[in-house]
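Biologist: I am new to this structure and would like to understand the words you use for it. Could we go through them together, one at a time?

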Amino acid sequence: MSMQLSVKSRLSSTVASLKPSGIRRFFDLAASMEGVISLGVGEPDFVTPWRMREASISSLERGHTAYTSNAGMPQLRVEIQKYLEERFSVSYHPENEILVTVGASEAIDIALRAILDPGDEVLVVEPCYVSYEPVIRLAGGVPVFLKTTMENQFKLTPEELETHITPRTKAIIFCYPNNPTGGTMTADEWKTLLPIIEKHDLLVISDEIYAELTYGRMHDSIAALPGMKDRTILISGFSKAFAMTGWRLGYVCATPDLLAGMLKIHQYTMLCAPTMAQMAALEALRHGRSDMERMIESYRQRRNFVVDGFRQIGLSCHEPDGAFYAFPSIASTGLSSSEFAEKLLMEEKVAVVPGDVFGESGNGHIRCSYATSMEQLKKALDRMESLMGKLS
Amino acid sequence: MDSKKQRELLHLLEEDSRMSAEQIGKMLAEPTEVIERAIATLEAEKVIVKYPALINWERVEDHPYVNAMIDVKVTPKRDVGFDEVAERICRFPEVKAVYLMSGASYDLSVVLEGKTMREVATFVSQKLATLDSVVSTATHFILKRYKHDGIELEDRDEDRRMVVTP
């Protein structure tokens, strides 16, 4: 007689209780269909510029295949320091305040694990990247969601922040420019939040992976504001700005005490980021600016095109100032995000991501990535117009 | 329209000259009429010279053309330098491009298109080499084009991304 093992009983209760990603369900559905136009892709449509690929190949030819230091190649950390200072006026010391990670995803994970004790609450600005909630739970924390709305351009307000703070609140995590809304925050808007953050002694985890992808103005990092560097954990990486998603290379910057904690987790789990990816990143920071600017220009043009397109077909849409997502409202159709996205996929073969997978406040919206060719965008808008015609 | 937007407009047209003024207007956040006016001005100023299609002739069956690059050494003339002979070479319809070169062992680089290698050879020996100022020629036939006008003709990167990702 064979013994039946319960899979659930072998998993930790935390892991067993995690919900599968809503994006995954859509991926499976879309992947099974032919002729789908995808606006569901959360990564650049550019291939990593050749100079970075070539730098990595060259490093392999020269035999750079060994581990690097746990915190990342010293010369890469120096370049990151220079880059952050020049672009966003934030200054971190390359020796003990910068850690190179396996993507920004690892940086988020180790930041949370380094600061959370069981039961600590983490404020999460919604709609948010799908990983925040599960990673907080895996670190023993409790996510508490702060809502943002299209009427407010998806910006976090002081009122919303203050309402949800409790004695157990340890930190706040957000991503600006935002995935999925494309919303951004200006320095003046950050300043309205600082007294509350200081009063309640909150740590700030600022995911700035889309920092380079802003249109019309430079990104304002909360870490650059007076008094904020000491309480901010700044996370970024190479995936979005340099079209290097598959290289899995990011970094986290924080004060030496916080960074030392994160380094412990990193060295016991990842040891170090891949050497060949670090070589490519070094090239990106030293010589990749023009490639990046070319891509940003293209994203801005396509953003203008799709936002106008959504409005033309009757979907109200906030003009995103950053990232490469539009987050139009589909509330006027009377359908939920998931219903609309499913109908759009099944009837018109256009894949978008339902807004509610990014949290409750994303319901009534769909996330459309415009990191795809103009030809595909035009076709997708035509098909969406056809669906809107059927729904009216 | 400011010069930055004008450059963007030119880049867009260079990438796809069939793009409509309306579409470009949306992309650059400018009214269609402004784009139309800007294009008309750029055409009048000869900044936009032509709207060609970039054809990969290698893929066209029985394409009857061969291309050659010819290094031409010439004797420059008083007052007109290389210009006179260059202009004369430009007038031949089979000549696709003429460049004055520096640092080479020749002076003019002439890009030629002919139906057969014999036709190119005839042109070089009977038309080009016999010009008064021409001292010597060296003809190189193009065997295969890999990249032209910034476009890789064969190895186009496909979208390898998953349909839906975070």
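Modeller: Gladly! Please keep in mind that this is a predicted model.

Biologist: What volume does the largest cavity have, and which residues line the largest cavity?

Modeller: Its volume is about 40 Å³. The lining is formed by A:Tyr83, A:Phe88, A:Glu208, A:Ile209, A:Ala211, A:Glu212, A:Ser236, A:Gly237, A:Ala241 and A:Tyr251. Helix H5 (74-88) and strand S7 (232-237) of chain A are the elements that give two or more residues to this lining. By kind, the lining residues divide into 6 nonpolar, 2 polar and 2 charged.

Biologist: What makes A:Lys343 and A:Glu347 a salt bridge?

Modeller: The cut-off is a side-chain nitrogen within 4 Å of a carboxyl oxygen. The closest N and O atoms of A:Lys343 and A:Glu347 are 3.2 Å apart, so the pair counts as a salt bridge. The two residues are 4 residues apart in helix H13 (residues 337-348) of chain A, and therefore separated by about one helical turn. A:Lys343 is partly exposed at 29% relative accessibility, and A:Glu347 is partly exposed at 39%.

Biologist: How do you know that A:Lys390 and A:Glu348 form a salt bridge?

Modeller: Their N to O distance is 2.8 Å, and the limit is 4 Å, so this pair qualifies. The pair links distant parts of the chain, with A:Lys390 in helix H14 (residues 374-391) and A:Glu348 in helix H13 of chain A, 42 residues apart. A:Glu348 has a relative accessible area of 10%, so A:Glu348 is buried. A:Lys343, A:Glu347, A:Glu348 and A:Lys390 are linked in a network of salt bridges.

Biologist: And in chain B, why is B:Lys5 called buried, but B:Glu30 partly exposed?

Modeller: The line between the two words lies at 20%. B:Lys5 has 19%, so B:Lys5 is buried, while B:Glu30 has 21%, so B:Glu30 is partly exposed. Their side chains meet in a salt bridge of 3.2 Å, N to O.

Conventions. Residues are numbered from 1 along each chain as its sequence is written. Chains are lettered from A and ligands numbered from 1 in the order in which they are written. This is a predicted model: local features need pLDDT of at least 70, side-chain atom pairs count only at pLDDT 80 or more; totals for chains, interfaces and linings use all residues. Side-chain values use heavy atoms; hydrogens and water are left out. On a 1 Å grid over the protein atoms alone, a cavity is a set of points where a 1.4 Å probe fits but cannot get out, and a pocket is an open set with protein on both sides within 12 Å along at least five of seven lines; lining residues have an atom within 4 Å of a point. Grid points are joined across faces, edges and corners, and a volume is the space filled by probe spheres set on the points. Ala, Val, Leu, Ile, Met, Phe, Trp, Tyr, Cys and Pro count as nonpolar, Asp, Glu, Lys and Arg as charged, and the others, Gly among them, as polar. Buried means under 20% relative accessible area, exposed over 50%, partly exposed in between (1.4 Å probe, protein chains only).
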